[in-house]
Amino acid sequence: MENYKCYCDTGLKFNNCCGLYLKNNQKAPTALALMRSRFSAYVIKDADYLLATTHPSERKYYSKEDILKWATANKWLRLEIISFAQTTVAFKAYFLDENQVPQTHYEFSTFKQENGVWYYLEGKFE
């Protein structure tokens, strides 16, 4: 496994951070860890992980193709965590769109834990 700085800006190496969840099939222990790993999944274009970590009740609103299209169309630059609580994370994701124009995606995300597994439930966007 690669030993480079993780995409989610914790300062940790990828294999000691989001790589634990994306590559080693460990479950994220918190909503914040899941949020960070989902950002890294967009960076590496892992649509399977993004779908699998979306709450089962919400998966019908997403398709692997659409997730992959969004992940691929943009160059993901960095993640900034604004605030977090047990089941919510507010963040900004900075990226270049398909025209190389800088963009900021602001989201207030809600997560749900079931049977010891965290899932992305929904997001409110600004």
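A: Phe14 is buried, with a relative accessible area of 1% (buried means under 20% relative accessible area, exposed over 50%, and partly exposed in between, with a 1.4 Å probe and protein chains only). The model is predicted, and local features need pLDDT of at least 70, side-chain atom pairs count only at pLDDT 80 or more, and totals for chains, interfaces and linings use all residues. Residues are numbered from 1 along each chain as its sequence is written, and side-chain values use heavy atoms, with hydrogens and water left out.

The whole structure holds 9 aromatic pairs; rings of Phe, Tyr and Trp (its six-membered ring) pair if their centres lie within 6.5 Å, and planes under 30 degrees apart count as stacked, over 60 as edge-to-face and the rest as tilted. One of these joins Phe14 to Tyr4: the ring centres are 5.3 Å apart and the planes lie at 20 degrees, so the pair is stacked. Both residues belong to the segment before α1 (19-22), and the pair links distant parts of the chain, 10 residues apart. Tyr4, with a relative accessible area of 27%, is partly exposed. Phe111 and Tyr120 form an edge-to-face pair, 5.8 Å centre to centre with 70 degrees between the planes, and both Phe111 and Tyr120 are buried.

Ring pairs also join Phe39, Tyr42, Trp70, Trp76 and Phe95 into a cluster. Of its 14 residues, 13 are buried, so α2 is largely enclosed by the rest of the structure. Lys45 follows α2 and has a positive phi, near 65 degrees.

Tyr42 and Trp70 return in the largest pocket: 18 residues line this pocket, and Arg38, Tyr42, Trp70, His105 and Glu107 lie nearest its centre. The elements that give two or more residues to the lining are α2, α4 (64-73), β2 (88-96), β3 (102-114) and β4 (117-125). Helix α2 gives the most, with 4 residues.

Definitions and conventions:
1 Å grid on protein atoms, 1.4 Å probe; cavity = no way out; pocket = protein on both sides within 12 Å on 5 of 7 lines; lining within 4 Å.
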